[in-house]
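Please keep the sequence and the model in view while reading.

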Amino acid sequence: MATTKEYGLGEFDFPRGWFMIAPATDATRTPTSMRYFGKDLVMYRGESGKVYVTDAYCPHMGAHLAKNSTSYIVLDGEHVEGESIRCPFHGWRFGPDGQCNHIPYSDNFIPKAAKLEHYHVVESAGIVWMWHDPEGLEPEYDLPSFGGHYGEPGWVEWKIDFMGDLNVHGIEIVDNMADLGHFVPIHGAKDFTYFANECMGHIVHQYYSAGHRTLTAEEGDQLVLDTWYEGPGFLQSEMAGAFDSFIMISNTPIEDGISRSWHALMVKVNDGTREITDEDRANALAYQEASRLAFAQDVEIWANKRACLNPLAIPADGPYGKVRLWYKQFYNARDKAPELQKRSDGLYVTMDKRPGSKAA
Ligand code: FES
Ligand SMILES: [Fe+2]
């Protein structure tokens, strides 16, 4: 494991962007503790159904807002009231804006400083997402829409696969975007015809076309993927193989150099004109499982490798340097990002054997 500073990424230890923090089913009326970005946090669901994430420690005297099972606040069901959360220690209650809105033994005085830090959270596609911003600013761009496939007719929604807490910095997970050389040994790719990367502002793409040992319908078919990151926290991929499908792979920092990862995949089982059957669901689940196993091949490497501060890259490797430069923008002040983007923006073709291409 190595830290952000050791990789020389920038001034902030934790990056700016949208991050998966939990499957939506984990957000309930019972506050839960979580740790991300080197901070203790608490998540709860208000009466309206909205999910809130706050700092874990009460500004009054520092009690943990979720880690309690014996206070009468918890036992009497007063822990979450409406959209507010009440501290188990002295019962101070904090509203959806973080401001203290009730002190049970002080009718006419509530200090202004009694405010809990709140984080920007969105629930989408069965997942709770948080905007993390080291400068404390509002989101720079909206949470992506996952190809519009979640809930789209003809598509089976994903289930969430927890992949583990890995002793690896997010940069090494994002390196995969440029890593042409690992697809044959790790993932069972074969007969590559195209591999390229494109950096465009806060987005990086990988364009991929190759055969595969298991994920194509017929021997000789190509698996065609457009895979991208919008910010540093999660990958999305439109994959045309035995089925059309959509992959999400997340990496969220817990501590500097330790990442939590989830995988999920949606499958198109028909054109949307007929009901989804049990058989469709079984096919989709089996396809998700094949994709999870393919990702687990990366995870096993990451879980056991030493840190790679500088890849010993050769020309036939993909553009690690450009992808790492792209990744740096999220560890530096927002107003420095355009300068870094200018240095990484562009299309980088590592392999092109398509019929008619110059290199074929
Ligand atoms: S420590 Fe939370 S109300 Fe006192
Ligand atoms: Fe991989």
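**Domain interface**

The rule finds 1 salt bridge across the interface of domain 1 and domain 2, a salt bridge being a side-chain nitrogen of Lys or Arg within 4 Å of a carboxyl oxygen of Asp or Glu. E255 forms a salt bridge with R35, with 2.4 Å between the closest N and O atoms. β1 (17–23), β2 (32–36) and β10 (127–132) are the elements that give two or more residues to the side of domain 1 that touches domain 2; of these, β1 gives the most, with 7 residues.

This is a predicted model, in which local features need pLDDT of at least 70 and side-chain atom pairs count only at pLDDT 80 or more, while totals for chains, interfaces and linings use all residues. Residues are numbered from 1 along each chain as its sequence is written, chains are lettered from A and ligands numbered from 1 in the order in which they are written, and side-chain values use heavy atoms, leaving out hydrogens and water.

The domain assignment, automatic or from a database, gives domain 1 (17–132) and domain 2 (146–352). Their centres, taken over C-alpha atoms, are 33 Å apart. In contact (heavy atoms within 4.5 Å) are 17 residues of domain 1 and 17 residues of domain 2.

Conventions: Helices (H or I, at least four residues) and strands (E, at least two) are DSSP runs, numbered from the N terminus.
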